[in-house]
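Work through the following exercises with the coordinates open. Each task is followed by a solution in steps.

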Amino acid sequence: MENVFLARNLTKSYGRAKVLSGLDITVPKGSIYGLVGRNGAGKTTLIRLICGLQLPDGGELELYGQTGRDLTRARRRVGAVVESPAFYGDMSAADNLKHQFLVLGLPDQDRVPELLKLVGLENTGKKRARSFSLGMKQRLGIAMALAGDPDFLILDEPANGLDPEGIVEIRELILKLNRENGVTVLVSSHILDELARIATHYGFLEGGRLIREIDAKSLESSLRRRLHVTVTDTAKMAAALDGLGLAYTVLSDREADVYGDTSVTDLTLTLRAAGCDLLTVSEKNETLESYYIDLLGGERHD
Amino acid sequence: MTELLSAGLYRLRRLRLLWIVCGLLALASAGNVAWTWHATLRNDPVLNDEVKAVTLSLRAAYMDSNFFTVPAMGVLFSSALCSWELGAEYQDGAQRNKLIVGRKRRDVYLTALLLTVLVCALLCLAAFLPGIPVMLLTAGGFGMGWTKALLSMAGMIAASAAFTSLFTLLGLNIQSRAATAIVAIALTAALALGGNILRGRLEEAPTYPGVQHTEDGETLFVTVSNPRYIPEGPVRDALTLLVDMDPADQVLRYCHSGEENVGRLAAYDALFFVLTTATGLLIFRRKDLR
């Protein structure tokens, strides 16, 4: 598969603090690549390096096959919203877009109403962008990023500050751009359930390194079945499950998640024999969130 | 770079603050000349024919000096406005938008420089032009003569352009809007004050007249050497160069007396402009931007 962006052994420090330490990442063409990681994992720094806002200390960046000085030219195919949406607060949405068209060297500004409509800001008139709601600002930021008709769109926490309706709108916009226009999207988000609805590939960052890179299909097949149980005594339950070799997560004195293929009947009998009653049981599938926590070495007993 | 320039001009047309400051300076320019003329007539009336020539010459000098006060303010305003606006480019993230779409850092810097020079020139013109017809209507022209007056105006614009290159350096390399504005204003004050103090020392006479009383009770007039005088030599040359290159001091010189050496000072402005721009570019090209 052709790649839009790849980085090899990328390093970046701010003073003594090492933010990226030998990061490798590959963003395939046509993908929606979800960048997952806790605060300070290096997501925004990586995005800043891709966008040319910062320079790496070491390693290699490749964008559309271009490296070094040629990266600047390749960036003309990129649109991005880094951290917060960028625009002049004292200008209207339309004026901001016209300005961005001029920055891009696009004299034909006929696409301004089209872009405003695409992000649902067609009725904002001369209202200054400063007085927009958070969601409107986010959408204007995306419209600005789309002004150059980019092939590669980078969105840093696009759902930040959005209401549920706004989150759905942004999700649909990303899917539409990806499916209909073939735009490759790199999106970082803390809202993992939301990311799970759109991403075709995932990269998990921790401590400035990519600890796992996986596509959505492989991830789906690796997510395990989970039984959420309420019992009378989780300590006794733990001892019984250790004997069976089943993985579990203790959630409280009475609640736990049990992983793996086991029937409810077998589980009930085993727990009963250990002197622990099974009060309720419900079946759930493991989520991206639990996969991520698991990956970071969360409180699971395998 | 043409694209960035045309986008910058589009932005300037919509920058309400710029036009408000221009309007205020234009009003202040015309109003200041008219008010100065009114005050001169009231405070320095021509008492008789014997002192007429002296009175008129003093009036003309006073009018000339006051004419340049508002443009000097314009230069100071430009320091605050340019640094504030460049800081806003970071705060709003507009600076990011240019780099993300593949514009070269050199082009971004040079475009910002050209636009701030344009802003400074606009503010200077707004502070000069409305005052000229009022000068003509009241004092009948400039006491220093049109050539010297026009050269002083050109010199002040050159000094403000040099000043601007310094604000561009600060505005593009300090990413906090408030910090940029504070540093720019503090630096302007330091340059103006420092230049003034230094020039005062350089203008000290080598000697001054003093009196000496002898034992016989006689009073002698003697020449005493001035300990504050900086003697001819490399130190004096270096300090002279420093004060001549200080654009804030240049503005004050134009304001007070109408400078004789406009050409030399303009050459220093050009040198200052090139040095600050080269330094600013060097830092900006490697700078981590948010």
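**Exercise 1. Determine the handedness with which helix 2 of chain B passes helix 4 of chain B.**

Solution. In this predicted model, the crossing of helix 2 of chain B over helix 4 of chain B is right-handed.

**Exercise 2. Find how helix 2 and helix 4 of chain B are oriented to each other.**

Step 1. Take the two segments: helix 2 covers residues 16–43 of chain B, and helix 4 covers residues 69–92.
Step 2. Their axes lie 9 Å apart, and the packing angle is about 165°.
Step 3. Angles over 145 degrees count as roughly antiparallel.
Step 4. Helix 2 of chain B and helix 4 of chain B are therefore roughly antiparallel.

**Exercise 3. List the residues that meet between these two helices of chain B, and classify them.**

Step 1. Helix 2 of chain B contributes B:Leu17, B:Leu18, B:Val21, B:Leu25, B:Ala28, B:Ser29 and B:Asn32.
Step 2. From helix 4 of chain B come B:Thr69, B:Val70, B:Gly74, B:Phe77 and B:Leu81.
Step 3. Sorted by type, the residues of this contact are eight nonpolar, four polar and no charged.

**Exercise 4. Describe chain B as a whole: which elements does it have, and in what order?**

Step 1. Chain B has 12 helices and two strands.
Step 2. Along the sequence the order is α-α-α-α-α-α-α-α-α-β-β-α-α-α.
Step 3. The C-alpha atoms fill a box of roughly 85 × 50 × 30 Å along the principal axes.
Step 4. Of the 290 residues in chain B, 41% are buried.
Step 5. Among contacts in chain B between residues at least 6 apart in sequence, 82% link residues at least 24 apart.

Terms used: Residues are numbered from 1 along each chain as its sequence is written. Chains are lettered from A and ligands numbered from 1 in the order in which they are written. This is a predicted model: local features need pLDDT of at least 70, side-chain atom pairs count only at pLDDT 80 or more; totals for chains, interfaces and linings use all residues. Helices (H or I, at least four residues) and strands (E, at least two) are DSSP runs, numbered from the N terminus. A residue is buried if 20 or more other C-beta atoms lie within 10 Å of its own, exposed if 12 or fewer, and partly exposed in between; C-beta atoms are placed from the backbone. Two residues are in contact if their C-beta atoms, placed from the backbone, lie within 7 Å. Axes are lines fitted to C-alpha atoms, for helices over the stretch in contact, and angles run from 0 to 180 degrees between N-to-C directions. Angles under 35 degrees count as roughly parallel, over 145 as roughly antiparallel, 65 to 115 as roughly perpendicular and the rest as oblique. A crossing is left-handed if the near helix is turned anticlockwise from the far one by less than a right angle, and right-handed if clockwise. Ala, Val, Leu, Ile, Met, Phe, Trp, Tyr, Cys and Pro count as nonpolar, Asp, Glu, Lys and Arg as charged, and the others, Gly among them, as polar.
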